[in-house]
Amino acid sequence: MALPPPPPGWARFLVKSKFGAGRDFAVLDPNTEEQQFFVDGKMGMRPRAEVQGPSGEVVYRVRGTMFGIPKHMTIFDGEDHEVASLRAKMFSPIKSKMTMETASGEPWELEGSFLEKDYAVSAAGRHIVQITQKWVTVRDTYTLDVAEGTEVGLALAILWAVDRWVERD
């Protein structure tokens, strides 16, 4: 089943995950399959990843706690300034909604099926990111649609954080 095209003004990327302890993602142009970004998941006690731009520079970092109560993930820009954080509500095993707080204090809502990897990110009531997963090979493939004006690297950091969160629950 083919996905409909992204809305006008949105960019689409294919995100192919590689199974492993760190959970890496290759982010491809859907037309050429040329790599645009790479998300390098790191192994260790704490979940962490680096989102790398087209020339390999780190544009975002994600760091989390494994045993923290409540559990949380923090997103930093390439210069290590905190950009956003996701915190889990205690005793909420099945989630369909999360709130991410940006450094400016603006809440972003994540809503949908995190287990099925089909959810949207909204800011000020407007959808800015749509993440959908489809099974096309042995590897997971996500479709990432990003609204104009939203940083792709930040959308990838959110995708990785939610993906690791769900897998560790």
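Colleague: What makes R63 count as lying over the face of F76?

Modeller: In this predicted model, R63 lies over the face of F76 at 4.4 Å from the ring centre. The distance criterion for a charge over a ring is within 6 Å, and 4.4 Å meets that criterion.

Colleague: Why is the pair of F13 and F37 called edge-to-face?

Modeller: The structure holds three aromatic pairs. For F13 and F37, the centres are 6.2 Å apart and the planes stand at 80°. F13 belongs to strand β1 and F37 to strand β3, so the pair ties together parts 24 residues apart in sequence.

Colleague: Why is the pair of F25 and Y142 edge-to-face?

Modeller: Their ring centres are 5.6 Å apart and their planes are at 90°, so this pair is edge-to-face as well. It links strand β2, which holds F25, with strand β12, which holds Y142, across 117 residues.

Colleague: How do you know whether F25 and Y142 are buried or exposed?

Modeller: Buried means under 20% relative accessible area. F25 has 0% and Y142 has 1%, so each counts as buried.

Colleague: Which residues have the most contacts inside the largest nonpolar core?

Modeller: That core has 42 residues, and those with the most contacts inside it are I75, L86, L110, L144, L156 and I158. Helix α1 (residues 152–168) gives the most to this core, with 12 residues. L110 touches, among others, L86, Y119, I158 and V162.

Methods:
Residues numbered from 1 in each chain as written. Predicted model: local features only at pLDDT ≥ 70, side-chain atom pairs only at ≥ 80, totals over all residues. Heavy atoms only, no water. Phe/Tyr/Trp six-rings, centres within 6.5 Å; stacked < 30°, edge-to-face > 60°. Helix = DSSP H or I, 4+ residues; strand = E, 2+ residues; numbered from the N terminus. Buried < 20%, exposed > 50% of the residue type's maximum accessible area, 1.4 Å probe, protein only. Lys NZ or Arg CZ within 6 Å of the ring centre and 35° of its normal. Core = buried A, V, L, I, M, F, W, Y, C linked by side-chain atoms within 4.5 Å. Contact = heavy atoms within 4.5 Å. Lists of a residue's contacts leave out its neighbours within four places in sequence.
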